[in-house]
Amino acid sequence: MGDFLRVDGLSAGYGEAVVLEGVSLSLGEGQTLALLGRNGTGKTTLINTLAGATRMHAGTIALAGQPLHTLPSYMRAAAGIGWVPQERNIFKSLTVEENLTAVARPGRWDVKRVYEMFPRLAERKGNLGTQLSGGEQQMLAVARALVVNPKLLLLDEPLEGLAPIIVSELLKTIERITREEGLAAIIVEQHPEAILRISHRAVVLDRGMVVHSSSADKLLDSPVLLSKLLGVAR
Amino acid sequence: MTGNGAQASLLRASRVKKWEPVFWLLAFAVPVVMPSEALIVNEIAIVALFAVSLDLVLGYSGIVSLGHAAFFGLGAYTAALFCKHVSPDPHMGLLVSMGAAAVLGFAASFTVLRGSDLTRLMVTLGLALILLELANKFDDITGGTDGIQGLVFSPVLGKFEFDLAGRVASYYSLAVLLALFIIARRIVHSPFGATLEAIRDNRLRAMAIGIPVHARLIAVYTIAAAMAGAAGALFTQTSGFSSLDVFEFHRSADLMLMLVVGGTGWLYGGVVGAIVFKLLQDFLSSQTPQYWSFWLGLFLVVLVLVGRDRLLKPWTWFKR
Amino acid sequence: MSGITKDIVLSAQGLVKRFGGIVATNNVTLDLRRGARHALIGPNGAGKTTLVNLLTGVLAPTSGRIVLEGEDITRLAPHKRVQRGMVRTFQISQLFASMTPLETLALVVSQHRGLGANLWQPLGARADVVQRCEELLRQFHLVEAMDVRTEHLAYGKRRLLEIAIALACEPRVLLLDEPVAGVPAGEREELLQTVAALPADVSVLLIEHDMDLVFSFADRMTVLVNGGVLVEGTPDEIARNDEVKAVYLGHDAGNEVAHG
């Protein structure tokens, strides 16, 4: 397996505030990690720090052996990071097609393949970002991360607002591409079961620190432990 | 947390802070303690009132305007014409000027309700220019480029004659400034003021909670115009003349700069900005009569780059 | 179209909205009964938010009528519809960045109680207004964040404030556009229960993709596809409908509906 992604002693936050403290995790090639935790525990901050949008105070991040934390945000896409932020952040004044071609990088995922995955986007390829519905913007955000041909996908609540039929398609796709193309993925989601089912590893954050790290199956098999960690009555 | 916590938290904003009375006392003390500065205190008080009126519209309601001088100018000319043709009583003149400016503000408000910031800038600029040209054209009323000169006003409160040193003038202006400032302060901390901020922050949501956006904007624009008109009237009444200069673009532009210096959305920004701007202008032009605008410009650039809060702490300038 | 006369509080009749050549809303007729817990579902881009925009007056219909409590409001200004009791929430939180949750709610409650034009009293002066704000802050777990500027609030808290604002308007008709998007799992159930627990005469139209929640909340559902109504019925009828499964629900679950 090897450590495709290795995070050591990461501390990060906004300005003076420290949100994450001493976070360490590792992920192998072709593995998916479910990042779980109650709200406000730092899941989005961790994703944002990996993507380079949030300043790191201490620690290291290495992707495929190369240090990632030294790279500024705009160079991380080239380094292999595909990021779907919580607020989507698509380019509103560009069309769907332009959103995709603006960031596309060579690789197995080209614009055509993305349109096959999201036929709705193909129908709307000439529409401006502002003319898309919320769910369509979400789809576009995911599509845009794929078309960068990343080595590591960072998905912050990617299923939010998507129709159930799209959700199951997307989950299947994520599972397939991580398995077939050796893509690694970190997924933050509100409903842990759906993600745990397609994940290999699970990390639970609480107040900015890692409180649980195990295989995803282990958590799936013990709902009591899961609800204790997440405070969710399911 | 609950109980008194929430109410106290809300009322904190409207409570008079300890430094406020001190500030005003100092302001009123200057013409007594430094009589030679009375004239500039008068100038500062007038332009501070002008700036506060723009802050109501710009800082609190989010309406950009490059033509606020339209109301200042109308107030100035109304005061001049009132004195010349009706009565030299400054108090009546002040009220009438405010009324005239309010009427213009009401009419003009319909032009800034819709459109983007850019269209508003153009429309407001246009209005001030139109008034400038009208004043120029009807020179038999306005005196054209010469303006209306040699106005003599009756004593303030029937007792205090306007003196050459400007002492009475400065107190008159300070008093009007304080009175209108107190009114503005109450307005911005009221539910009405909160609805203005809501309109500024998110007009769509403001509508979606039942706020009649247009009605509120028309109201605040009218009030702000009245205040700007008061500033214009004070200008005429304390200087004894009124000329086309009152409609000039530089007045509207300088006003924006003052709000940049002092900060929008906290009322004192207009006052502080007026003080800093005027004193700086005065100081620089006495030091370098030819290049003072260069230094003023440099100051503004540094201010914007470094940020108002950090400007006062030089050790933070180069920290990232 | 039901033959039985139920108490219809909001009625959209033959609504059409065209943007140039695109038909975003295609002859939609929808009746909301008093006290309804009515869900509006459909694929992304089907026109659900557009329909809400038409109902609230943000968009003007190309043709069709909207009737609220027997009054034709098709041409009525948006803020007046709110004053008549029709309140909505937004899919992407529309908040007031510079205000705190407490200030925001104080503003909304004041406006709703007719104090919005009051120029003189401080915002926090009325005890009854403050009390209502405290209630809402507690209900939506915003007490600790009550003095934090909205722009600094965490995403989940923003969503909660989004809904709190709507409830502060004491709605008679509540249109919720994906209210739980971004709300943590543990609080979703609670949030919708808060909405379901509204007085029986408050009518709710809910747009959501979380099917577990939709099916436990709704007593009636309308499925919108490509701008038009595909089918309307009880949750059971909808869950079993093959067309709905094909375009929206997916075939994953079978008896149990796939979660959103």
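## Helix packing in chain C

A crossing of two helices is called right-handed if the near helix is turned clockwise from the far one by less than a right angle, and left-handed if anticlockwise. In this predicted model, the crossing of α3(C) and α5(C) is right-handed. Helix α3 of chain C spans residues 101–112 and helix α5 of chain C spans residues 155–168; their axes come within 9 Å and cross at roughly 20 degrees. Angles under 35 degrees count as roughly parallel, and α3(C) and α5(C) are therefore roughly parallel to each other.

On the α3(C) side, the contact is made by Pro101(C), Thr104(C), Leu105(C), Val108(C), Val109(C) and His112(C). The residues supplied by α5(C) are Leu161(C), Ala164(C), Ile165(C) and Ala168(C). Sorted by class, the contact of α3(C) with α5(C) comprises eight nonpolar and two polar residues, with no charged residues.

## Domains and hairpin of chain C

Two domains are assigned to chain C: domain 1 (1–85 + 174–181 + 203–260) and domain 2 (92–170). The centres of these domains, taken over C-alpha atoms, are separated by 28 Å. Contact between them involves four residues of domain 1 of chain C and four residues of domain 2 of chain C. On the side of domain 1 of chain C that touches domain 2 of chain C, four residues are nonpolar, with no polar and no charged residues.

Strand β1 (residues 8–19) of chain C pairs with strand β2 (residues 22–33) of chain C in the antiparallel sense, over eight bridges. Within this pairing, Phe19(C) stands opposite Ile22(C) in β2(C). The strands β1(C) and β2(C) form a hairpin with two residues between them. In the turn, Gly20(C) has a positive phi of about 65 degrees.

## Helix packing in chain B

Helix α3 (residues 38–58) of chain B packs against helix α8 (residues 167–188) of chain B at an angle of about 20 degrees, and their axes are 8 Å apart. That angle makes α3(B) roughly parallel to α8(B). The crossing of α3(B) and α8(B) is left-handed.

From α3(B), the residues in this contact are Ala38(B), Val41(B), Asn42(B), Ala45(B), Ile46(B), Ala48(B), Leu49(B), Val52(B) and Leu56(B). They meet Arg167(B), Ala169(B), Ser170(B), Ser173(B), Leu174(B), Val176(B), Leu177(B), Leu180(B), Phe181(B) and Ala184(B) in α8(B). By class, the contact of α3(B) with α8(B) has 15 nonpolar residues, three polar residues and one charged residue.

## Contact between chains B and C

This contact takes 29 residues from chain B and 38 residues from chain C. On the side of chain B that touches chain C, the elements giving two or more residues are α1 (4–12), α8, α9 (191–201) and α10 (203–208) of chain B. The most is given by α9(B), with seven residues. The residues of the side of chain B that touches chain C are divided into 16 nonpolar, nine polar and four charged.

## Contact between chains A and C

Here 24 residues of chain A are in contact with 24 residues of chain C. Helices α6 (134–147) and α7 (164–181) of chain A each supply at least two residues of the side of chain A that touches chain C. The largest share of that side, five residues, comes from α7(A). By class, the side of chain A that touches chain C has nine nonpolar, 11 polar and four charged residues.

Notes
Residues are numbered from 1 along each chain as its sequence is written. Chains are lettered from A and ligands numbered from 1 in the order in which they are written. This is a predicted model: local features need pLDDT of at least 70, side-chain atom pairs count only at pLDDT 80 or more; totals for chains, interfaces and linings use all residues. Axes are lines fitted to C-alpha atoms, for helices over the stretch in contact, and angles run from 0 to 180 degrees between N-to-C directions. Helices (H or I, at least four residues) and strands (E, at least two) are DSSP runs, numbered from the N terminus. Angles under 35 degrees count as roughly parallel, over 145 as roughly antiparallel, 65 to 115 as roughly perpendicular and the rest as oblique. Two residues are in contact if their C-beta atoms, placed from the backbone, lie within 7 Å. Ala, Val, Leu, Ile, Met, Phe, Trp, Tyr, Cys and Pro count as nonpolar, Asp, Glu, Lys and Arg as charged, and the others, Gly among them, as polar. Domain bounds come from an automatic or database domain assignment. Two strands pair if DSSP finds at least two bridges between them.
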